[in-house]
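Dear colleague,

I am handing over the structure below, followed by an account of what was found in it. Please read the notes with the structure open beside them.

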Amino acid sequence: MAFEFLTRRLELTSLREEEALMYLEKHRVLDLLVNLTSSLIFYQPEKPRDFLLNMLARIKIAKITAVDFPCLMDDSNLVSMFEIMDPTNQGFITPVQYREALKNLGLLDPDEVIDEDKEVITRDDFRDDVNKRTLKMWSAF
């Protein structure tokens, strides 16, 4: 996840640093920062501070009112991603492809195991699960 990306070069040399990192992980602060930074880079607003404050306000409102969370990926993006993984248009992908897609989207916990006994993942299953995981991720903030 995003947490690994930000901390892989970090050498924890003291108990205090380990406690700080555990705190950030527990509250998913680094995941939030990566998502905010991704949105900032994607949209490249003229006023980045205002944009970030607006994003945080939208996240807060979404948590309170259950409206959609701000997200870079909509259904058309998910369908396009699925079609890239399914170039022969079979209508399904393998669990290995599915796991890699979730990793690339930052929606797979490092210790999470995907059931690879399931033979195929359909486009609807892929889209529904990615949307569910995205909602879960945002609601954790």
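Predicted model: local features only at pLDDT ≥ 70, side-chain atom pairs only at ≥ 80, totals over all residues.

**Notes on the model**

Leu32 counts as buried, since its relative accessibility is 18% and the cut-off for that class is under 20%.

The mean pLDDT of the protein is 78, with 79% of the residues at 70 or more. Confidence is lowest in helix H1 (residues 2-7), where the mean is 49, and highest in strand E1 (residues 92-93), where it is 90.

**Nonpolar cores**

The largest nonpolar core has 14 residues, and those with the most contacts inside it are Ile93, Tyr98, Leu102, Phe126 and Val130. At least two residues of this core come from each of helix H5 (75-85), helix H6 (95-104) and helix H7 (123-139). Apart from this core lies another, of five residues, which include Leu36, Phe51, Met55 and Ile59.

Phe126 deserves a look of its own: with its neighbours within four places in sequence left aside, Phe126 is in contact with Leu78, Met81, Phe82, Met85, Ile93, Tyr98, Ala101 and Ile121.

In H5 the buried residues are Leu78, Val79, Phe82 and Met85; these cover an arc of only 120 degrees around the axis, and therefore sit on the same side of H5. In H6 the buried residues are Pro95, Tyr98, Ala101 and Leu102, and because they fall within an arc of 120 degrees when seen down the axis of H6, they line one face of that helix. As background, nonpolar side chains in soluble globular proteins tend to be buried together.

**Backbone**

Most residues other than glycine have a negative phi. Asn89 is not a glycine either, and has a positive phi of about 55 degrees; Asn89 is found in the loop between H5 and E1, and counts as exposed at 67% relative accessibility. Just after H6, Gly106 takes a positive phi of about 75 degrees.

**Salt bridges**

The structure holds seven salt bridges. One of them joins the side chains of Arg123 and Glu83, at 3.9 Å from N to O, and links distant parts of the chain, with Arg123 in helix H7 and Glu83 in helix H5, 40 residues apart. Arg123 is partly exposed, with a relative accessible area of 36%, and Glu83 is likewise partly exposed, at 43% relative accessibility.

Within helix H7, Asp129 takes part in a salt bridge with Lys132 (3.5 Å, N to O), three residues away and about one turn of the helix along. Asp129 is buried, with a relative accessible area of 15%, whereas Lys132 is exposed, with a relative accessible area of 55%. The side chain of Asp129 also meets that of Arg133 in a salt bridge (2.8 Å, N to O); these two residues of H7 are four apart, about one turn of the helix, and Arg133 counts as buried at 15% relative accessibility. Elsewhere, salt bridges with shared partners join Arg99, Glu100 and Lys103 into one network.

With best wishes

Note on methods
Residues numbered from 1 in each chain as written. Heavy atoms only, no water. pLDDT = per-residue confidence, 0-100. Core = buried A, V, L, I, M, F, W, Y, C linked by side-chain atoms within 4.5 Å. Buried < 20%, exposed > 50% of the residue type's maximum accessible area, 1.4 Å probe, protein only. Contact = heavy atoms within 4.5 Å. Arc of directions from axis to C-beta. Salt bridge = Lys/Arg side-chain N within 4 Å of Asp/Glu carboxyl O.
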